[in-house]
Amino acid sequence: MKKLGKVLIEITLMIVCAAYLFPVYIVLANSFKNRQELYENMLALPEKLTLEYYLEAVEKMNFSRAFGNSLIVTIVSIGIIVILGSMTAWMLVRTENKLSKFLFMVLVATMLIPFQTLMMPLMQVMSWSKTTLQVPMLDSLGGLIYMNVGFGASMAVFLYHGFVKSIPVSLEEAATIDGGNKLTVFFRIVFPMLKPTTVTVMILDVIWIWNDYLLPSLVLSNKNLRTIPLSTASFFGQFTIQWNLAMAGLMLTIIPVIIFYLAAQKYIIKGVAAGAVK
Amino acid sequence: MRMKKMFRILLTSAFITALMLTGCGKTTDVDKTETSGTTSGTKETTQTSSEPAVTKIVIFQSKVEIVDQLKALAAEYQKEKGIEVEVWETTGDDYLQQLKIRLGNNQGPTLFSLAPGSESEDLKAYLADLSDLSFVSGIAENMADEKDGKVVGIPYTVEGFGVVYNKNLIDASKVTTADEFISMLKEQQGAGVNGFSLSQESYFLIGHILNTPFALQEDPKTFVEQLIVGEVTMQETEEFIEFAKVMEAVREYTNNPLEVTYDKETGDFATGKSASIHQGNWAYGMFADYDVDFEMAMMPLPISGNDSLAVSVPAGWYVNSQVSEAEIQAGKDFLEWLYTSETGKRYITEEFGFIPVVEGIESSELDPLSQAVNEFTAAGKTIPWPMNSYWPAGIVDVYLVPVAQEFFTTEMTGEEFLVKLTEAFVQAGQNQ
Amino acid sequence: MNRKSDRAWYALFVLPLIFVFTTVVIIPFLIGIGYSFVSWDGLPLNEKVFVGMNNYIRLFSDKRFLSSITHTLLFTVLAVVIINVLGLTFALIVTSQLKTRNIARTMLFMPYLIGGLILGFIWRFIFTDVFKAVGEATGWTKVFFSWLLNGDYALIALVIVMTWQMAGYIMIIYITGIQAIPDDVVEAAKVDGAGFWPMLLRVKFPLIMPSFTISLFMTLSNSFKIYDVNVSLTQGGPNNATEMLAMNIYNEIFSLNNYGYGQAKAIVFFIAVAFITLIQVSLTKKKEVVM
């Protein structure tokens with residue numbers, strides 16, 4: 001009886017998942033169709049599985065270059081966000097004073113600002129830093145990374161803040177007595193314990209940074225610096241959108257994220273399984 | 001254990017990078033520019049005149065459809081003139097916003113495109129004087145964008161819109177008045193065909209079709225101004241009353257445009273399910289993948305005796321006035337070359353597929369819709385585009401679309417429709 | 001440990017991030033506040049006119065802005081509840097012993113990767129063509145019709161698409177929380193004979209309170225800020241019935257060129273939202289168990 005129930009749940013789950021993926025199926029199916037085929041039936045399987053549009057998309061997107069740029073931007077941004085974010089969050093939790101509270105509140109509150117209202121003054125600041133300080137924030141991957149860190153700071157601190165609290169202070173105190181300074185205590189004791197949160201932050205930030213269009217589109221102009229989402233822009237005319245190329249481009253964009261997710265997920269599950277066996 | 005060690009190394013290195021990026025950003029980032037290549041050369045906009053010769057110009061433009069050809073053209077230019085042309089890209093939808101942000105922060109391109117009219121009016125301060133280009137006098141009448149007596153915009157091409165129809169299903173000579181148009185809709189419906197179609201996207205829903213009654217006014221500019229201050233209303237103007245009558249019929253006898261996308265609109269037409277659509281010659285590219293087995297042409301939207309297509313310049317080339325003298329000159333040189341050299345002319349007509357508007361450029365083989373635009377233009381049967389020239393900026397998307405959506409989802413009468421459209425103009429106009 | 005070195009450590013840990021954050025977020029935000037007092041189209045060479053509080057006063061008679069506040073509130077309430085219920089359910093399911101949990105995890109999070117124009121294209125097709133076809137085939141035309149043509153249903157359509165996008169994302173946060181629950185606590189409760197519901201409500205929920213705080217906050221802020229889905233799915237239509245705040249502000253700034261007024265809207269919006277969400281955060285934070 002119980003077994004039957006379980007099977008039933010599994011089946012229901014799969015049905016839900018399938019329904020969930022229905023729109024993804026539409027993207028995949030239509031990345032193989034020409035305009036007429038797409039018009040006739042968006043839901044049908046493509047008549048032939050030609051890689052034509054994928055190849056065209058790869059070529060027009062200058063895919064390998066864009067992929068490399070996206071990779072650099074994503075990895076470096078996330079590396080910095082994770083490290084600085086966890087350090088900040090830990091310090092803010094462990095140092096209970098007004099400043100900490102204030103900083104935390106400011107960080108959290110700014111998550112509510114719609115990016116669209118910031119972009120004009122942001123570009124002003126960045127172009128000022130380019131012309132006056134000679135720090136080329138615009139049209140450089142470094143600049144984009146810098147801004148990603150700024151925008152990712154809030155969420156990272158917020159996530160870590162919640163979980164730092166669940167770490168017993170006693171461990172840190174013991175390490176401090178053993179003569180470790182704060183940096184070593186943090187990286188030896190605390191940071192490893194934050195691993196589940198780190199993985200979460202990484203996953204959420206990968207999704208965001210890898211797919212981000214608006215910020216990179218403002219920061220990067222040079223075609224050699226384009227990230228993957230930017231490189232699909234030419235498929236989206238004001239009126240005429242080349243859906244097959246656009247959808248092929250989208251599939252090419254998201255496949256690396258899915259691969260990353262599968263890898264990251266294994267990592268979390270391993271941790272859980274190890275705990276379960278004991 | 002090894003894992004842990006690696007993790008630590010990774011952390012340390014990332015940490016160092018972080019510090020470098022934040023603390024000593026200056027040095028590292030300066031290094032980076034060298035490897036990643038500098039852009040536009042628009043950086044030093046203030047101290048300009050002493051700058052050395054420009055070796056690179058940047059183009060940023062809205063017509064995504066020609067971007068591949070434009071890149072090829074850029075390569076040709078570099079081969080012939082030794083000046084690098086970089087083409088920036090973005091989606092058609094966010095072009096204008098991106099352009100404004102870049103211009104506003106001195107990160108603007110050398111050359112850019114705008115729709116002549118309220119768009120170029122807003123950016124007037126950023127437009128260089130192009131009057132001394134050799135071919136300016138050869139630009140067809142009223143097609144160059146002039147501000148304060150100076151030519152600032154060079155037209156890409158002309159585009160025209162009207163009723164694109166299927167010659168097998170519609171005889172244009174029998175659809176020359178609003179009543180005939182309406183009875184055509186009824187007939188087609190009786191025969192199981194959708195007589196006419198708009199689509200849900202802003203200009204295709206209301207912008208283009210509402211352009212016609214405006215263009216039919218004696219002085220569209222004054223009319224818009226009076227409309228905004230309440231001296232005239234649409235519901236008391238004959239052309240609009242007839243327009244509303246047609247719209248009521250469209251609502252009654254054809255598919256609801258709010259359920260039709262641009263893709264579906266053109267697809268229905270290409271496959272014979274719709275007898276006509278309200279579109280322009282730009283739509284011809286949409287039929288490339290279809291086996292269209294009929295002849296198509298374009299006719300005027302027949303309200304209040306209108307016998308003309310709405311023909312105007314959708315976009316023009318502009319040179320950024322905020323870059324160095326040398327760069328402005330380089331931008332002008334490029335335009336000079338584009339409109340007078342053999343290579344440039346060939347690209348305009350053959351590769352971009354444009355209808356030329358400058359003397360000395362012969363159009364190559366045109367598609368049937370462009371052909372129609374060309375013929376109407378030659379016969380002098382054209383009406384302008386007040387929608388770009390005189391309507392308040394942003395009105396179509398922000399104010400007119402909601403009214404049209406209300407019209408197509410309720411039983412609102414044509415007159416109520418006109419009242420609301422008038423209100424929209426008053427609101428949009430006074431908010432500027 | 002003396003205080004001076006404590007301060008130095010504090011600065012070393014906190015300052016780098018706060019510095020970046022300040023230059024990227026805070027300074028632009030403050031500049032934005034400044035612009036909310038002028039009438040300006042956003043182009044530096046064009047005229048700026050100082051208008052004092054006028055932009056703010058004007059807000060309160062802007063009917064369209066006010067009604068977009070109502071839509072946004074309604075949308076947010078619906079979206080926050082549904083996304084969290086679904087996200088938490090998903091998280092509980094995929095952390096159970098089910099065989100299919102791994103595939104399910106990946107599948108559920110994929111929607112977040114599809115955005116922009118393509119998202120709108122697909123979902124408009126579903127809500128228009130697919131729904132109509134289903135309605136005609138089954139005769140349930142009361143439920144299956146073109147949802148985007150009806151203001152109320154279009155709003156629900158937005159909630160559905162937002163949920164579809166965000167539930168898998170929020171699931172990830174809940175998973176982290178659930179996995180942080182010490183096994184011995186669960187085992188002990190099992191030994192005490194706790195059933196499914198008591199286990200969930202009395203043991204698991206209190207322990208994943210931080211996840212609740214975070215998830216609620218993230219869904220709240222994302223729903224309040226909804227823009228992408230709004231533009232690509234309904235464009236605010238029909239007849240402004242689904243015009244959300246972010247879109248209203250965006251249109252003011254970039255379509256109508258009223259940069260100063262748009263900034264004023266953004267500031268008011270920010271203050272209102274910050275007020276609501278900070279209350280939420282401090283309420284749920286209090287419930288967190290500190291170990």
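Helices (H or I, at least four residues) and strands (E, at least two) are DSSP runs, numbered from the N terminus. The structure is a predicted model, in which local features need pLDDT of at least 70 and side-chain atom pairs count only at pLDDT 80 or more, while totals for chains, interfaces and linings use all residues. Residues are numbered from 1 along each chain as its sequence is written, and chains are lettered from A and ligands numbered from 1 in the order in which they are written.

I189(A) lies in helix 9 (residues 182-193) of chain A. This residue counts as partly exposed because it has 16 C-beta neighbours inside 10 Å (20 or more would be buried, 12 or fewer exposed, with C-beta atoms placed from the backbone). Beyond its neighbours within four places in sequence, I189(A) is in contact (C-beta atoms, placed from the backbone, within 7 Å) with L171(A), E172(A) and A175(A). I189(A) and E172(A) are separated by 17 residues in sequence and by 6.8 Å in space, C-alpha to C-alpha.

Between the chains, 69 residues of chain C are in contact with 75 residues of chain A. Helix 1 of chain C gives the largest share of the chain C side, 17 residues. By class, that side has 51 nonpolar, 13 polar and 5 charged residues; Ala, Val, Leu, Ile, Met, Phe, Trp, Tyr, Cys and Pro count as nonpolar, Asp, Glu, Lys and Arg as charged, and the others, Gly among them, as polar.

Conventions: Contact = placed C-beta atoms within 7 Å.
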